Amino acid sequence: MRDNNTHSRIRLISSAIILVALILIVRAYYIQIVEGDIFLSKADHQYTSPTQEIFDRGTIFFNTKSGTLVSGATLRSGFTVAINPKLVVDPESLYKVIGKKLSLDHDAFIAKATKQNDPYEEIAKHADESVVNTLSALKLKGLSFYKDQWRYYPSGSLASQTLGFLAFQGDTLAPRYGLERSYDDTLKRNDKTVYVNFFAEVFSNLKKTIVDNQSLEGDIVTTIEPTVQAFAEKKIAEIHEQWHSKKVGIVIMNPQNGEIYALAATPTFNPNNFRDEKNVGVFSNPMVEDVYEMGSIIKPLTMAAGLDAKVVTAETTYNDTGSIELDGKKISNYDGKARGIIPMQEVLNQSLNLGVSFVVTQLGKERFANYMRNYGLGERTGIDLPNESIGLIKNLTSKRDVEYATASFGQGIALTPLSTARALSSLGNGGTLVTPHLVKQIRYKLGVTKNIDYPLGRQVIATSTSAEITRMLVTVVDKALLNGKIKMPHYSIAAKTGTAQIAKEGGGGYDASRFLHSFFGYFPASDPKFLVFMYQLEPQNVQYASQTLGEPFSDIAKFLISYYQVPPDR
Amino acid sequence: MMSSALQQNTKTKQWFFLLSVLCVTLACVYGYFIQMTIIRVVAREKAGSALSALRSETANLENEYFALDTGVTIDRARALGFVEAQNVAYVERGVTSGLSFNQNAR
């Protein structure tokens, strides 16, 4: 009796389980097979979720003088609009409805909409949410919307070579150039946003909790001041246009700590539309990647070496004969004229090649070469940008005197504009090498903020030498440069121009008609806050840098003094 | 004999009841956690969407900011009536070795 009861219970429970299983299987069959297309279509209309991972990346901030952060590189969101040609019954009428709203090309749309064997064709990218909402409300058959997010540079072409951009490398977006590349480890995001399914979400969150890959993710804060950057870019664009030069570059930095407020070069590009750029050469940053023979702006470095080694003073005189011969090569002043017996101050005032070659003879080849190496001219500055080049200073190991003499006025050695600016900073900051840098802070996603320290480098000249060469360079501005035209009565400015000859292509001496103009200056000279370095390659129909870069430098100096409300120092 | 069978039956019933309660409790707990997970996932998705929209809007505003910022030129300022100061006067702050409140006395 008891056994029968038990058996009947087991049968009842088994039957119930089998019945439930059958119901589930039948329901699943109906959902998946019989009504599968209907549900799929409904789902297509219902979700505006991504079918693939949504792009995510950290922000690169500019830093205004008041400390407000403004995005230089951020994200923008919108939608990708796609059609399923199989479900589009009448492409022409669909185009009439959506064509104008999505700015579609008629022929391209019809070509995509009539691909009958293709279930997915993208017809528009980066569509606005308002447009998508309007179209979604119409419930048009065969039309799908997918959330999308992409890299966006709100400032357009501003600081484009510094920021860099992202481009496809195979199937993946990879950072190219600039800070995008050098800080990719911080900016890239490892957590992927995939199609939203609650249960998948539970497990993906679990994975995130167990595997912590977000510790290095963050945003970066640069030292770039957007208004200063914009002003600098405007100035070099004017120079570029006026003198039809091949390239113009500028860096505005703090010579005391290496913070870069502006770094720019023309020609430039808009990273939002980098695909439209025909000349890929504009993507690289000539300020750190190109090397040039800098010419006469190297003379203050030579003079400072002589002062530091105490082999000359500002009052030391020499007999300027206009030209000399070394190792069978003739070296002349820029005009070939003799000056007679003159002091070192005049060497800088008149930019005399023979004067600085005299300093080298007083110093000796080895000591001069050591000073130049010590200025960091043959090494990378350590700036946080990719592809930095090393200066070419092989001539400083030569046995011939002529190589050292030419190096003393910036010929025969090729340097990056930035390494030149760094070496020149040491003249005004008490004699130490700084590390030029663009990023001062990383804001990690975890909530921690890290300030990046760039400790001062080696002492290359004594503090007293720095003061003396600064005094001499202030005299250059006050009395000699453009006849004192850029002198400011209440602000001491230390500056020097450089006009370098450019080597002939294929070798064999220098081209008489091609020049590189450069200009550097720092102010207020007693305690410099800014160093401005500019150069332009091959300006047309003009010979001297003072003619092309003197006034732009003056404009920039006045702007910076006014913008930062720098108090007068004299 | 009968007493032993009765005792076993009582124990089985107790176990059945206990396990049934446990099953129901676990089912309720499971349901609760799933519900909470769903609520949070939905909230997170909404927050993510809102954040994304805000970031996009901020990017648009920043774009406008840059356009306006570069539009401020000296020519525009002059057109709006800006005149550079002709007689700039500077105030010199004295450097003394006295007390700090005396620093501006000179």
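In the predicted model, V248(A) stands opposite T266(A), a residue of strand β9(A). In general, the strands of a sheet pair through backbone hydrogen bonds, in either a parallel or an antiparallel arrangement.

Helix α10(A) comprises 18 residues and spans 26 Å between its first and last C-alpha atoms, close to the 26 Å expected at 1.5 Å a residue. Its buried residues are P226(A), V228(A), Q229(A), F231(A), A232(A), E233(A), K235(A), I236(A) and I239(A). An α-helix has 3.6 residues a turn, so residues three or four places apart point the same way. Just after α10(A), H244(A) adopts a positive phi of about 50°.

The largest nonpolar core contains 121 residues, and the residues with the most contacts inside it are V251(A), I252(A), A262(A), M303(A), A495(A) and V532(A). For V532(A), neighbours within four places in sequence being left aside, the contacts are I252(A), F520(A), G521(A), F553(A), I556(A) and A557(A). Apart from this core lies another, of 16 residues, including I83(A), A124(A), L135(A) and L143(A). In soluble globular proteins, nonpolar side chains tend to be buried together.

Two cis peptide bonds may be described alongside the sheet strands. One joins T266(A) to P267(A), with omega at about -5°; P267(A) lies in the loop between β9 and α11 (286-289) of chain A. The peptide bond from F523(A) to P524(A) is also cis, with omega near -20°, and P524(A) is located in the loop between β17 and β18 of chain A.

Positive phi values also occur at two further residues other than glycine. For N483(A), phi is near 55°, and this residue is placed in the loop between α18 (463-480) and β16 of chain A. N483(A) counts as exposed because it has 9 C-beta neighbours inside 10 Å, the limit for an exposed residue being 12 or fewer. For Q565(A), phi is near 50°, and the residue lies in the segment after α19 (545-563) of chain A. Q565(A) is likewise exposed, since 7 other C-beta atoms lie within 10 Å.

The contact between the chains takes 21 residues from chain A and 16 residues from chain B. On the side of chain A that touches chain B, at least two residues each are supplied by β2 (69-83), β4 (143-152), α9 (198-210) and α10 (226-243) of chain A. The greatest contribution to this side comes from β2(A), with six residues. Classified by type, the side of chain A that touches chain B consists of eleven nonpolar, eight polar and two charged residues.

The secondary structure of chain B amounts to two helices and zero strands. Of the 106 residues in chain B, 5% are buried. I38(B) is located in helix α1, residues 2-71 of chain B. I38(B) is partly exposed because 14 other C-beta atoms lie within 10 Å, a count between the limit of 12 or fewer for exposed residues and that of 20 or more for buried ones. A separation of 70 Å is found between the C-alpha atoms of I38(B) and N87(B), which are 49 residues apart along the chain.

Methods. Residues numbered from 1 in each chain as written. Chains lettered and ligands numbered in written order. Predicted model: local features only at pLDDT ≥ 70, side-chain atom pairs only at ≥ 80, totals over all residues. Core = buried A, V, L, I, M, F, W, Y, C linked by C-beta atoms within 7 Å. Contact = placed C-beta atoms within 7 Å. Helix = DSSP H or I, 4+ residues; strand = E, 2+ residues; numbered from the N terminus. Nonpolar A, V, L, I, M, F, W, Y, C, P; charged D, E, K, R; others polar. Pairing = 2+ DSSP bridges. Expected span 1.5 Å × (residues − 1).
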